[in-house]
Amino acid sequence: IAGNGPLADELKEKVASLGLTNRITLPGSVKNVNELYARASVFVLPSNFEGTPNALLEAMQLKAAVIVSDASPGPLEVVEDNRTGLVFPVDNVAVLADKLSALIQDQGLREKLGDAAATKIREFQPAAVLSAWEEVIGIQPSTDTEL
């Protein structure tokens, strides 16, 4: 679990009290998060509110199977339940646990969702969206293919 926040110490205590320090790593702030994504096969975003989270997009690009809450429309623009990831009802820990368990137990499902996530995220690459932005702001399409 990467990052820092007001509950970091509480989370560390919980991991220790459950005897999971050898299975759960809490590195705090991480400069090169791609190293974590590259080692992870699952990414969970259980937020109560999100815009369009970069962390989710980065994880999807690196073929992580993702799980997001249905709390906000941002993540749901890229994660379609059982197609490009898994979606659970916000604050429903039991459903989140079931979906996480399913991914842990099924490598084929992880790979299928990870591949679909990476394919979906290609829609957001600069080459794919540049012409749409040019049309929206009313400029002629760019002939420069290097970004």
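Predicted model: local features only at pLDDT ≥ 70, side-chain atom pairs only at ≥ 80, totals over all residues.
## Helix α3 and its buried side

Helix α3 spans residues 54–61. Four of its residues are buried: Leu56, Leu57, Ala59 and Met60. They lie on the same side of α3, because they cover an arc of only 165° around the axis.

## Packing of α3 against α6

The axes of α3 and α6 come within 7 Å. They cross at roughly 115°. On the α3 side, the contact is made by Leu57, Met60 and Gln61. On the α6 side, Gly114, Ala117, Ala118, Lys120 and Ile121 take part. By class, the contact has five nonpolar, two polar and one charged residues.

Lysine 63 follows α3 and sits in the loop between α3 and β2. Its phi is positive, about 70°, although lysine 63 is not a glycine. For context, most residues other than glycine have a negative phi. Lysine 63 is partly exposed, with a relative accessible area of 47%.

Asparagine 82 is another non-glycine residue with a positive phi, here about 65°. Where is asparagine 82 placed? It lies in the loop between α4 and β3 (86–88). Is asparagine 82 buried or partly exposed? Its relative accessible area is 49%, so it counts as partly exposed. The cut-off for exposed is over 50%.

## Serine 72, a buried loop residue

Serine 72 is in the loop between β2 and α4. Serine 72 is buried, with a relative accessible area of 5%. The cut-off for buried is under 20%.

Which residues does serine 72 touch, leaving aside those up to four places away in sequence? They are Asn48, Phe49 and Glu50. Serine 47 is 25 residues from serine 72 along the chain. The C-alpha atoms of serine 72 and serine 47 are separated by 8.6 Å.

Technical notes: Residues numbered from 1 in each chain as written. Heavy atoms only, no water. Buried < 20%, exposed > 50% of the residue type's maximum accessible area, 1.4 Å probe, protein only. Helix = DSSP H or I, 4+ residues; strand = E, 2+ residues; numbered from the N terminus. Arc of directions from axis to C-beta. Contact = heavy atoms within 4.5 Å. Axes fitted to C-alpha atoms, helices over the stretch in contact; angles between N-to-C directions. Nonpolar A, V, L, I, M, F, W, Y, C, P; charged D, E, K, R; others polar.
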